[in-house]
Amino acid sequence: MSKEEKSVGKALEEKLLSQKKNGLLRIDADETERADAFCEGYMKFLDDSKTEREAVTSAIALAEANGFSPFEFGKKYSAGEKVYYNVRNKSLILCVFGKNSVENGIKILAAHIDSPRLDLKQHPLYESSEYALLKTHYYGGIRKYQWVTIPLALHGVIFKADGSCVTVNIGEDDSDPVFAVTDLLPHLAQEQSKRTLNEGIKGEELNVMIGSRPFKDDEVSEKVKLNVMKILNEKYGVTEDDFLSAELEAVPAFKAKNVGLDCGLIGAYGQDDRVCAYPALEAILDCDNPDDTAIAVLTDKEEIGSVGPTGLSSDYLRHFIEAVADAADVPAYNVIRNSKCLSADVTAAYDPTFSDVLDPRNASYCNYGVAMCKYTGSRGKSGCNDASAEFVAEVRKIFEENGVVWQTTELGRVDLGGGGTVAAYIGNMDMEVVDVGVPVLCMHSPFELTSKLDVYMAYKGFAAFIK
Ligand code: MN
Ligand code: MN
């Protein structure tokens, strides 16, 4: 047998058995270069968009630069037109009208742009032992011990008594100060170290250091607090009571970075789920004259259950689709039940240091491409959207035909925990939906890791789905 000839068994193996391979071994140098170039835009988006409000602002700027204009309810649109609908400054729908009747259904990409963080309470500012501190209430699922002793930035909005609004962003510019939550020194942590990891840092201990210098006046009792308020007043024209109508968030102050000597990974805060939101955004920006009308939804509130008027369990997406259907004189229920959606959310990447939380045969791996997750949920798939085999087959075919490197995934070992995405809410509207997203290491931590190849393959997959 010559070297070129395969044995019968080897040929049969290649034909019949699944051939898993690292994505970087399956693409050429040009494709790797395209992935790296794509991720430069992504890393800038991450630095500019650490909250859902900032992500909406960044996305609208990119949309307007790409020919999108504000959606007008009641207006008739024709094929090729591009619109966006700003949902209360926290969620965004981008839509490109297709050649087919909208009654054929809409191709939807849905990702979320909120991320776990420390929200300030409504009475946040206090002085204790001549430090000024901020009380917080964490948002989303965080491991509290990860949020101490790292540089934090403050982002958000403050609505003043007269109704005017100021935008706050402190800690991102190199010349800005940053903030921090303190922790004990190991020398004196004997008692604290007996706490469980979950209780190692308690919610009411996540107090953010914001000042230490007193205002020089012996008549004043809380001099450091007054000095901090004076600085804020000079900068933003606000008083302490204005915190009542503010949304201020402490987020990690560091910027997105290349990780590894080969620069193959991206480390950054808020990649869940901007690592899917950015590829979905780029896919819709690049979408010209699609067959079916295409939508990208960038939504708020996924991390706390998709609740409220800016979360996907509200009716805002339905209302948008109804408006599009009405303008086209077709029944909205036909549009909705014929629509199909990729719920673009992250999944847990296999971590060799903590490998026992996943089934290695069904886990997703960094560099193996964008990951399709048929079901999430907890225990017996409870609370999840279990995508139909029919729809999984349809998406699989699209990916295969368009050179998308992809893999499957599940959310951890059976009975270990679990979770959900917006897929369940979209499925409940009566449309096909499956989760497709990027594997993430250290998900929900201040510094999450993703693979550049996987980010780019998410874009390729999303673009192929809506073209
Ligand atoms: Mn997510
Ligand atoms: Mn999440």
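This is a predicted model: local features need pLDDT of at least 70, side-chain atom pairs count only at pLDDT 80 or more; totals for chains, interfaces and linings use all residues.
Residues are numbered from 1 along each chain as its sequence is written, chains are lettered from A and ligands numbered from 1 in the order in which they are written, and side-chain values use heavy atoms, with hydrogens and water left out.

**Metal sites**

I looked up the donors, which are N, O and S atoms within 2.8 Å of the metal (3.2 Å for Na, K and Ca); water is not among the atoms, so sites may look incomplete. For the manganese ion (ligand 2) I found Asp272 (OD), Glu303 (OE), Glu303 (OE) and His444 (NE2), at 2.0 to 2.6 Å. Asp272 lies in helix α5 (residues 271-285) and His444 in the loop between β22 (439-440) and β23 (448-451), so this pair ties together parts that are 172 residues apart in sequence; helices (H or I, at least four residues) and strands (E, at least two) are DSSP runs, numbered from the N terminus. I then checked cover, and found Asp272 buried at a relative accessible area of 3% and His444 buried at 17%.

For the manganese ion (ligand 1) I listed His112 (NE2), Asp272 (OD), Asp345 (OD) and Asp345 (OD), at 2.1 to 2.6 Å. His112 is in strand β4 (residues 107-112) and Asp345 in the loop between β15 (340-343) and β16 (347-348), so they tie together parts 233 residues apart in sequence, and both residues are buried. Asp272 coordinates both ions, which are 3.3 Å apart.

**Salt bridges**

I counted a salt bridge where a side-chain nitrogen of Lys or Arg is within 4 Å of a carboxyl oxygen of Asp or Glu, and by this rule the count comes to 29. I looked at Lys76 and Asp329, whose closest N and O atoms are 3.3 Å apart, and which sit 253 residues apart in the chain. Lys76 is exposed at 55% relative accessible area, and Asp329 is exposed at 64%.

I next took Glu249 and Arg117, joined by a salt bridge at 3.9 Å between the closest N and O atoms. Glu249 belongs to strand β11 (residues 246-252) and Arg117 to strand β5 (residues 117-128); Glu249 is buried at 5%, and Arg117 is buried at 3%. I also found these two in a network of salt bridges with Glu52 and Asp119.

How values were computed
Buried means under 20% relative accessible area, exposed over 50%, partly exposed in between (1.4 Å probe, protein chains only).
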